[in-house]
Amino acid sequence: MRLTLRRYSLWALFMVVAAGNGQAAQTRPLPDLQIQVVLSPSARQTLVQGKEGITVAADWYGEPNARHQSDADESGQIDMGRSELNLPSEGGTARFTPAAINSKRLGWLKEGLRVNINVYSARRHWPDNILNCEMADGPVAGLARKPVTLRCSLISELAG
């Protein structure tokens with residue numbers, strides 16, 4: 001019974017999204033976010049040959065409400081956590097869940113939760129990133145409506 005209550009309490013924390021002006025909190029589930037990484041043929045071949053993976057990083061953040069301006073970082077945002085998922089050399093879909101979000105800070109946000117998504121090579125074979133990838137940034141509610149596709153090529157393809 002105790003374990004069930006803890007799971008329920010944790011899930012309830014993820015369900016709270018506070019309105020920014022001291023209004024009553026709304027309850028709606030935080031959505032999962034799906035990021036599909038599509039590689040150019042050259043990038044795919046190079047990553048496969050080097051047995052290199054792909055890292056998809058999600059930085060969760062939001063604009064502070066009036067009561068939490070002093071809690072903002074140097075960029076003026078509230079840091080809500082970071083997640084990294086690894087994909088194989090061929091690319092694929094990374095699925096982020098609300099579990100990585102610092103849910104205790106949801107009530108600190110003026111507006112909804114936002115996320116910045118970056119993709120890069122995992123640096124297991126090469127010491128530096130070799131990928132040039134699109135990125136995504138915006139409200140989680142908007143980005144989670146459908147899978148987000150980010151295309152990647154080799155940085156060296158830009159010079160050619």
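Me: How many of the residues of the protein count as buried?
Reply: In this predicted model, 39% of the 160 residues count as buried. The label goes to a residue with under 20% relative accessible area.

Me: What makes W60 count as buried?
Reply: Its relative accessibility is 2%. The cut-off is under 20%, so W60 counts as buried.

Me: And how do you know whether F96 is buried or exposed?
Reply: F96 has a relative accessible area of 1%. Exposed would need over 50%, and buried needs under 20%, so F96 is buried.

Me: Why is the pair of W60 and F96 called edge-to-face?
Reply: The ring centres are 6.3 Å apart, and rings pair if their centres lie within 6.5 Å. The planes stand at 80°, and over 60 degrees counts as edge-to-face, so the pair of W60 and F96 gets that name. The structure holds 1 aromatic pair.

Me: What makes this pair a tie between parts that are apart in sequence?
Reply: W60 belongs to strand β4, while F96 belongs to strand β6 (residues 92-96). These parts are 36 residues apart in sequence, so the pair ties them together.

Me: Which strands make up the open sheet of 4 strands?
Reply: The order is β5-β4-β7-β9, and the pairing is antiparallel. From one strand to the next, the twist averages 15°.

Me: Why are β5 and β9 called edge strands?
Reply: β5 (78-87) and β9 (136-139) each pair on one side only, so both are edge strands of the sheet.

Me: What about β7 and β9?
Reply: They pair in the antiparallel sense over 4 bridges, and at least two are needed, so this is a pair as well. The bridge partner of R114 is P139 in β9.

Technical notes:
Residues are numbered from 1 along each chain as its sequence is written. This is a predicted model: local features need pLDDT of at least 70, side-chain atom pairs count only at pLDDT 80 or more; totals for chains, interfaces and linings use all residues. Side-chain values use heavy atoms; hydrogens and water are left out. Buried means under 20% relative accessible area, exposed over 50%, partly exposed in between (1.4 Å probe, protein chains only). Helices (H or I, at least four residues) and strands (E, at least two) are DSSP runs, numbered from the N terminus. Axes are lines fitted to C-alpha atoms, for helices over the stretch in contact, and angles run from 0 to 180 degrees between N-to-C directions. Rings of Phe, Tyr and Trp (its six-membered ring) pair if their centres lie within 6.5 Å; planes under 30 degrees apart count as stacked, over 60 as edge-to-face and the rest as tilted.
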